[in-house]
Amino acid sequence: MSLALLRQQLADVIHGAQSATPGLSTGLKALDLALPGAGLPRGRLTELVGAPGSGKTTIVRTMVERAIATGWPVAYIDAARTLAPQDWAHAGAQLVNGEPGLWVVRPDRPARGPWCADVLLRSGAFAFVVLDGAPMLERGTAVRLTRKLFEFFVFNCTNLNIVA
């Protein structure tokens with residue numbers, strides 16, 4: 001293998017391959033421009049991390065609203081059970097293919113959140129799955145969830161783990 005080929009492979013890994021499929025917009029133009037595909041990549045596990053009050057939930061709400069407006073059903077796993085229903089009622093009222101656009105799942109304890117994400121990803125019913133308030137994903141769980149994204153090829157499924 002030549003040095004030039006190794007350099008090219010390393011550059012592909014570092015910079016990522018540009019996807020022909022546009023990403024899901026975050027609603028922040030500067031952030032979208034910095035991301036490959038002008039938004040969060042589809043079919044990938046994406047983790048959004050920030051301090052309390054940094055705007056994580058606002059970004060996610062914008063993405064959920066955009067996904068529903070595009071016709072993509074969304075599952076929101078509220079593992080910590082802190083989601084304020086009145087703040088999200090408008091999103092749940094929008095229909096996607098005759099069904100509610102937003103489905104909220106509230107497991108009995110936060111540690112069940114990744115299991116819920118696994119089941120929802122395997123169902124293939126949702127184009128966007130948000131996992132909020134679950135403990136930090138262990139490497140094995142993250143790898144398994146990422147494999148589900150490719151195994152079932154939900155054409156634009158993104159799992160988002162929001163960590164405070």
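**View 1. Helix 3 passes helix 4 in a left-handed crossing.** Left-handed here means the near helix is turned anticlockwise from the far one by less than a right angle. The model is predicted, so to speak for local features pLDDT has to be at least 70, with side-chain atom pairs counted only at pLDDT 80 or more, while totals for chains, interfaces and linings use all residues. Numbering starts from 1 along each chain as its sequence is written, and side-chain values use heavy atoms, without hydrogens or water.

**View 2. Where helix 3 meets helix 4.** On the helix 3 side sit Thr57, Val60, Arg61, Val64, Glu65 and Ile68, and they meet Asp87, Trp88, His90 and Ala91 of helix 4. Contact means heavy atoms within 4.5 Å. By type, the residues here split into five nonpolar, two polar and three charged.

**View 3. The largest nonpolar core, with 19 residues.** Such a core joins buried residues (under 20% relative accessible area, 1.4 Å probe) through side-chain atoms within 4.5 Å. Val64, Leu102 and Phe128 touch the most other members.

**View 4. Around leucine 102.** Neighbours within four places in sequence aside, Leu102 is in contact with Val64, Ile68, Val74, Tyr76, Trp88, Ala91 and Gly92. A second, separate core has 14 residues, among them Ile77, Leu131, Ala134 and Leu145.

Key
Helices (H or I, at least four residues) and strands (E, at least two) are DSSP runs, numbered from the N terminus. Ala, Val, Leu, Ile, Met, Phe, Trp, Tyr, Cys and Pro count as nonpolar, Asp, Glu, Lys and Arg as charged, and the others, Gly among them, as polar. Buried means under 20% relative accessible area, exposed over 50%, partly exposed in between (1.4 Å probe, protein chains only).
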